[in-house]
Amino acid sequence: GRTIAALKFATNSSARPLLRPMVKYVANMHGDEAVGRELMLALAEYLAKSYGGDERITNLLDTTEIHIVPTMNPDGFEKKTLFSQSVRANANNVDLNRAFPTWEDLGKSRNELTNGREKEVTAVANWILDNPFVLSINFHDGAVVA
């Protein structure tokens with residue numbers, strides 16, 4: 001599979017200052033959700049270009065660590081063609097939205113949460129468990145979101 005890339009916006013190059021909030025944006029969980037992917041790429045560009053020139057963005061990035069994953073399902077995105085049917089699944093034909101641990105898994109160990117899951121789910125679950133995010137946004141898009 002293809003690499004899941006994450007962009008991190010933080011003004012402190014060393015360790016994150018204590019109590020600085022961390023926010024994550026994730027898009028393109030389903031292969032055909034290209035709008036969220038493009039929005040996240042545009043947001044990343046906007047943050048990078050606006051820092052130091054726009055007081056609101058500079059303040060935001062000086063006080064918040066922002067992580068952006070434009071595409072959580074790069075294999076599914078590559079499978080989608082202009083005139084093909086909806087492509088929700090990854091390269092293994094699994095709907096990643098339905099492959100994450102649920103509330104029923106609360107209290108399980110990291111290994112129990114990730115063992116036997118899709119590579120994308122394991123990568124994102126480990127990322128979440130390694131970082132104390134206080135806010136999470138997962139962009140879904142399309143004509144019908146179910």
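Colleague: How many residues does helix H5 have, and how far does H5 reach from its first C-alpha to its last?

Modeller: This is a predicted model. In it, helix H5 covers residues 119-130, which is 12 residues. The helix reaches 16 Å from its first C-alpha to its last, close to the 16 Å expected at 1.5 Å a residue.

Colleague: Which residues of H5 are buried?

Modeller: The buried residues in H5 are Glu120, Val121, Val124, Ala125 and Trp127. They cover an arc of only 160 degrees around the axis, which puts them on the same side of H5.

Colleague: Why do residues three or four places apart point the same way in an α-helix?

Modeller: An α-helix has 3.6 residues a turn, so residues three or four places apart point the same way.

Colleague: Which residues are exposed on the other side of H5?

Modeller: Lys119 and Asp130 are exposed there.

Colleague: And what covers the buried residues of H5?

Modeller: The cover includes strands S2, S3 and S4. It also includes helix H3 (74-79) and helix H4 (110-114).

Colleague: Let us turn to H2. Which of its residues are buried?

Modeller: Helix H2 spans residues 55-63, and its buried residues are Ile57, Thr58 and Leu61. Seen down the axis of H2, these fall within an arc of 100 degrees, so they line one face of the helix. On the other side of H2, Glu55 and Arg56 are exposed.

Colleague: What do the buried residues of H2 pack against?

Modeller: They pack against strand S1 (7-9), helix H1 (34-50) and strand S3 (65-69).

Colleague: What does the side chain of Asp54 reach at the start of H2?

Modeller: A side-chain oxygen of Asp54 comes to within 2.9 Å of the backbone nitrogen of Arg56.

Colleague: A change of topic: how many aromatic pairs are found in the whole structure?

Modeller: The search finds two. In one of them, the rings of Tyr25 and Phe139 have their centres 6.3 Å apart and their planes at 15 degrees, so the pair is stacked. This pair links distant parts of the chain, with Tyr25 in strand S2 (residues 22-27) and Phe139 in strand S4 (residues 133-139), 114 residues apart.

Colleague: What is the relative accessibility of Phe139?

Modeller: The value for Phe139 is 23%, so Phe139 counts as partly exposed.

Colleague: Which residues form the edge-to-face pair?

Modeller: Those are Trp127 and Phe133, at 5.0 Å centre to centre and with 65 degrees between the planes. Trp127 has a relative accessible area of 17% and is therefore buried. Phe133 also counts as buried, at 17% relative accessibility.

Colleague: Which charged residue sits over the ring of Phe133?

Modeller: The charged end of Lys24 sits over that ring, 5.9 Å from its centre. Elsewhere, Arg37 lies over the face of Phe77, at 3.7 Å from the ring centre.

Colleague: Now the whole chain. How many helices and strands does it have?

Modeller: The chain has five helices and four strands. Along the sequence, their pattern is β-β-α-α-β-α-α-α-β.

Colleague: What box do the C-alpha atoms fill, and what share of the residues is buried?

Modeller: The C-alpha atoms fill a box of roughly 45 × 40 × 25 Å along the principal axes. The chain has 146 residues, of which 36% count as buried.

Colleague: Last one: what share of the contacts with a separation of 6 or more comes from residues 24 or more positions apart?

Modeller: Such residues account for 70% of those contacts in the chain.

Conventions
Residues numbered from 1 in each chain as written. Predicted model: local features only at pLDDT ≥ 70, side-chain atom pairs only at ≥ 80, totals over all residues. Heavy atoms only, no water. Buried < 20%, exposed > 50% of the residue type's maximum accessible area, 1.4 Å probe, protein only. Helix = DSSP H or I, 4+ residues; strand = E, 2+ residues; numbered from the N terminus. Arc of directions from axis to C-beta. Contact = heavy atoms within 4.5 Å. Polar contact = N/O pair within 3.5 Å; in protein donor to acceptor, adjacent residues only side chain to side chain. Phe/Tyr/Trp six-rings, centres within 6.5 Å; stacked < 30°, edge-to-face > 60°. Lys NZ or Arg CZ within 6 Å of the ring centre and 35° of its normal. Expected span 1.5 Å × (residues − 1).
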